[in-house]
Amino acid sequence: MADECKDISGRQQLSIVIRFIGDLNNRRIDTSNVVKEYFLGFVALDKFDAETLANKIVDFLNDLNIPLESCICLCFDG
């Protein structure tokens, strides 16, 4: 999940959050297979077009060694 906003200095930045389930093979209902959500960080933005935003997200995830083939996006606004 990613969303852009201005920081206190007025600079645009992209916030990146990841949501996941720890162990899909665990069929028991316990804390290991509850949906977890973590704020990963901010990415400074100078341009706001779709290509720039997509590249910034991909670069950010690659820097954290998060495999893109494991990523699925489902976001709602409003």
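Which residue with a positive phi follows H1? Asn65 does, and its phi is near 60°. Let us look at that residue and its surroundings.

This is a predicted model, in which local features need pLDDT of at least 70, side-chain atom pairs count only at pLDDT 80 or more, and totals for chains, interfaces and linings use all residues. Residues are numbered from 1 along each chain as its sequence is written, and side-chain values use heavy atoms, with hydrogens and water left out.

**The helix and what follows it**

Helices (H or I, at least four residues) and strands (E, at least two) are DSSP runs, numbered from the N terminus. Helix H1 covers residues 50-63, and its end C-alpha atoms are 20 Å apart, which agrees with the 20 Å that 14 residues should span at 1.5 Å a residue. The expected span is 1.5 Å times one less than the number of residues.

In this report, buried means under 20% relative accessible area, exposed means over 50%, and partly exposed is in between (1.4 Å probe, protein chains only). The buried residues of H1 are Thr52, Leu53, Phe60 and Leu61. They cover an arc of only 160° around the axis, which puts them on the same side of H1; the arc is that of the directions from the helix axis to the C-beta atoms. These buried residues pack against strand E2 (12-21) and strand E3 (35-44), where contact means heavy atoms within 4.5 Å.

Back to Asn65, in the segment after H1. Its phi is positive although Asn65 is not a glycine. Most residues other than glycine have a negative phi. With 68% relative accessibility, Asn65 counts as exposed.

Leu64 also lies in the segment after H1, and at 41% relative accessibility it counts as partly exposed. Leu64 forms a nonpolar surface patch with Phe20, Tyr38 and Leu40, and together they have about 340 Å² of accessible area. Such areas come from the Shrake-Rupley method with a 1.4 Å probe, and for residues only the protein chains shown count as cover. Patches are made of residues with over 30% relative accessible area and no salt bridge: like charges are joined within 9 Å, nonpolar side chains (Val, Leu, Ile, Met, Phe, Trp, Tyr) within 5 Å.

Gln13 lies in strand E2 and is buried, with a relative accessible area of 15%. Leaving aside neighbours within four places in sequence, Gln13 has contacts including Asp3, Cys5, Phe42 and Leu45.

Phe39 belongs to strand E3 and is partly exposed at 48% relative accessibility. Not counting residues up to four places away in sequence, Phe39 touches Ser15, Ile16 and Val17. From C-alpha to C-alpha, Phe39 and Ile16 are 6.2 Å apart in space, while 23 residues separate them in sequence.

**Salt bridges**

How many salt bridges does a search of the whole structure find? There are two. A salt bridge is a side-chain nitrogen of Lys or Arg within 4 Å of a carboxyl oxygen of Asp or Glu.

| Salt bridge | Closest N and O atoms |
|---|---|
| Asp46 and Arg11 | 3.4 Å |
| Arg19 and Glu37 | 2.3 Å |

Arg19 lies in strand E2 and Glu37 in strand E3, so this pair ties together parts that are 18 residues apart in sequence. Arg19 is exposed, with a relative accessible area of 55%, whereas Glu37 is partly exposed at 42%.
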